[in-house]
Amino acid sequence: MAKYISFLVFLVFLMACQKTEGIYDNIANENLELPLLLRLNRKNCVFDSHNRILKYSIDENSINNFSPYVEFQRHSNITLESIKLTNGTVNNFGNIELNKAYRVIINTGNRTDEFTLFFTKIPTIQIVTANPIINGPKTLSRMILNYPEIRRISENNWTGIEQRGSSSLRYDKKSFGIKIYSDKSKDSPSSQSYFDFKQNQKWILDAMFVDQSRLRNKSSFELWKSMSGPANHIGIDSRFVEVYINHQTLGVYSFSENYTKEFLDANDQCVLYAGTDNSSQTEFETLIEKDPNSRFWGDWEQKLPNPSQEIVWDDFEALNTLIVNSSNSEFKNTIAHHIDLNNVIDYFLFINLIGGRDNVGKNWFFFKRDHLSKFNIIPWDMDGTWGRSPFAEKTSYSVLITNNLFKRLLETDPANYKLRLKERWKELRLAEFSESNLNGIIASNFAELDSYKVEGLENNLWKVNLNLKNEQFYMATWVSNRLEFLDERFEY
Amino acid sequence: MKLVFNIIGIVFLFISNSTWCQEIKTTNDIGLWAGVGGNFKLNKKWKTSFNQEIRTFNNAIKIKKSITELGLTHKFDKQLKLSLGVRYSYARKRDYTFVNNIRYNIDIKYWCKLSKHLNLLYRFRYQHSYINLFANTTPDIENRSSMRNRIKLQYPINKHAIYISAELFREYVIYKKPSFNKVRLNIGDKLKTNLGDVKYGLAFERELNNSYPLNYIILKINYSFNFKHG
């Protein structure tokens, strides 16, 4: 019996002796770090394991005679085209070309693997996580942002990430909300600045999936923020990035700022409300019967102060009551005490210019610094603009976008509202709203996307039919027609 | 016997299949868990234990862990026991550096007789480990918990108690959702001798929820001396 058992043990041991596998699509370790593949100048090449593509973010100023410090696994040999790379030292790559396919051979023992390396100008973001990213709660992750600038050190932060959006959640390409943590316990929120943006706790990766141009929201905010004049134009900045979840590319995203207490420099007296749906309530047609006593009041949502700590609706309820229920004379005499009319005029003209049908009920915020100041409108989510609806359908250029607030302002004409509207339109048409300026903003974003080869990337990855040239032509034509229509309406 | 070990060594040299790549993940391995310890019976209800064990991996030739373990068991009745254990281990990490770990565990054990020669044993274990306990900074200390459920069939015959068992591990760590991460199957024997018990057997472990799971075969051997109070 003992002999048989000994033989069995011997046999099992023989069958089981050590076997290893080489892995490229590794899972993260306990610190959500992935093993080194290829690092140039302390910046990782991001890796798309499905297409066996490596990408390295680099700016145009650094591509001539590129001589990076190269790091890879000690047990591998790497050849880039005909250059055998030396590990742990500076290697001269010569002059490199952006968006050109370079063949990379990785030899490890008896195994040879071939990959394609692209040098690209687009900043890359790699989210490393051990779990699926869901529609809340936030999944612990590590976010690494690689800047193209050669001397700029990559950002590497503990983050929580979740899907964001409502109707956009039905699409395969999801948008994400990101919160920064100081460690992996998720107990200690932190702040971080990226690119040249303000330090903030929360950030957004906007998938822009429905937008046929991938630039409507970004261009709209650029225009809004560029508008000069006495009114406040609070808005976010954003940058195009290519996003990777572990070793899988998700294509181009807009990495954006977010309206937080920190971003708005808000104190304890600040209030911020958002319209969550296009309804008669958020378009000021009807007043919500129930008194506000929680985070939501009909289709309005309190964002600041933090509704888990304090519920404050007094001033905003008064504004709603005034717009919906007041007599014409009361409205005319008091509306300018509640809301900054310069800001309202600019918002109305701006939203009409870009055709933001989805921005006069939902996707707008009402912000007020304290009891003594007035409400300001802040735009949000302008994907359905410039001739397309939020579902990418073509929209007419000859429709005035309005709601009960804007209608009553025109009807009652408080504080010379109508004249100021016309004068402001005239002023803006000579500057920020000139056709050449508008086409310039759009064209520069299209040129940026073209330089990142976004059309091919998105079409291959998401099986869509982006045609950025056609879309640019469509937008330019729509803008021209839109300006003509609005010039007539505002008697320019 | 010496000849057998020589043959095993030569076979290992030829069969080891190393496909090196960016990360080298071991998918098959064998190891040895060899230990010696003692049980000290305080009275009918209470027992303490001590065990020192060495664990190897990488074709059983590299040290994976050195473990020192203390235990205390309370017997409620013939069928139900509660145990507490504390373990110190000096263990090798994935990057081959060594760390100091502390683990405690709480066990509930249930025993019943299925037939004259067949016993059923169930053990629930909760364990919590502090990995790299002597790290300089708190965030480097990793907390790891597991819930383990083991079911065992035992066939006592003369001085032997031959057994088979299956154990499922569920892991709780901060950086990922709780998941079943390992299953362990055992076959072995516990032999009573005049001085104590010899336990020997084979275990097969497989990682779960992993694209490249490790299949691990372990030869287990342990000798524990039995002492009685008074």
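How many bridges join β5(A) to strand β11 (residues 111–120) of chain A, and do they run parallel or antiparallel? The two strands are joined by 5 bridges and run parallel. The setting of this pair is described below.

## Basis of the model

This is a predicted model, in which local features need pLDDT of at least 70 and side-chain atom pairs count only at pLDDT 80 or more, whereas totals for chains, interfaces and linings use all residues. Residues are numbered from 1 along each chain as its sequence is written, and chains are lettered from A and ligands numbered from 1 in the order in which they are written.

## Overall composition of chain A

Chain A contains 10 helices and 23 strands; helices (H or I, at least four residues) and strands (E, at least two) are DSSP runs, numbered from the N terminus. Along the principal axes, the C-alpha atoms of chain A fill a box of roughly 105 × 60 × 35 Å.

Chain A has 492 residues, of which 40% count as buried. A residue is buried if 20 or more other C-beta atoms lie within 10 Å of its own, exposed if 12 or fewer, and partly exposed in between, with C-beta atoms placed from the backbone. Among the contacts in chain A with a separation of 6 or more, 65% involve residues 24 or more positions apart; a contact requires C-beta atoms, placed from the backbone, that lie within 7 Å.

## Strand β5 and its partners

Strand β5 (residues 53–57) of chain A has 4 buried residues out of 5, so the rest of the structure largely encloses it. One partner is β4 (residues 46–48) of chain A, which runs antiparallel to β5(A) and is joined to it by 3 bridges; two strands pair if DSSP finds at least two bridges between them. β4(A) and β5(A) form a hairpin with 4 residues between them, and Arg52(A) in the turn has a positive phi of about 55°.

Ile53(A) takes part in both pairings. In β4(A)–β5(A), Asp48(A) stands opposite Ile53(A), while in β11(A) the bridge partner of Ile53(A) is Thr116(A).

## Domains of chain A

The domain assignment divides chain A into domain 1 (39–120) and domain 2 (122–492), with bounds that come from an automatic or database domain assignment. Taken over C-alpha atoms, the centres of the two domains are separated by 38 Å.

In chain A, 15 residues of domain 1 are in contact with 17 residues of domain 2. On the side of domain 1 that touches domain 2, the elements giving two or more residues are β3 (43–44), β4 and β5 of chain A. β4(A) gives the most to this side, with 3 residues. The residues of this side of domain 1 divide into 3 nonpolar, 8 polar and 4 charged; Ala, Val, Leu, Ile, Met, Phe, Trp, Tyr, Cys and Pro count as nonpolar, Asp, Glu, Lys and Arg as charged, and the others, Gly among them, as polar.

An open sheet of 5 strands in chain A has the order β20-β21-β19-β22-β23, with antiparallel pairing. Its edges are β20 (296–297) and β23 (376–379) of chain A, each with a single partner strand, so one side of each has no neighbour in the sheet. Strand β22 (residues 364–368) of chain A pairs with β23(A) over 4 bridges in the antiparallel sense, and Phe367(A) stands opposite Asn376(A) in β23(A).

The buried residues of α3(A) are Phe316(A), Leu319(A), Asn320(A), Leu322(A) and Ile323(A). They cover an arc of only 165° around the axis, which puts them on the same side of α3(A); the arc is that of the directions from the helix axis to the C-beta atoms. The cover over these buried residues includes β19 (271–275), α4 (328–338), β22 and α6 (404–412) of chain A. The face of α3(A) turned away from its buried side carries the exposed residues Asp314(A), Thr321(A) and Asn325(A).

## Chain B

Chain B has 1 helix and 12 strands. Of its 230 residues, 11% are buried. Among contacts in chain B between residues at least 6 apart in sequence, 42% join residues at least 24 apart.

Val183(B) lies in strand β10 (residues 176–192) of chain B. Val183(B) counts as partly exposed because it has 15 C-beta neighbours inside 10 Å. Neighbours within four places in sequence aside, Val183(B) is in contact with Ala166(B), Leu168(B), Arg206(B) and Leu208(B).

How values were computed
Contact = placed C-beta atoms within 7 Å.
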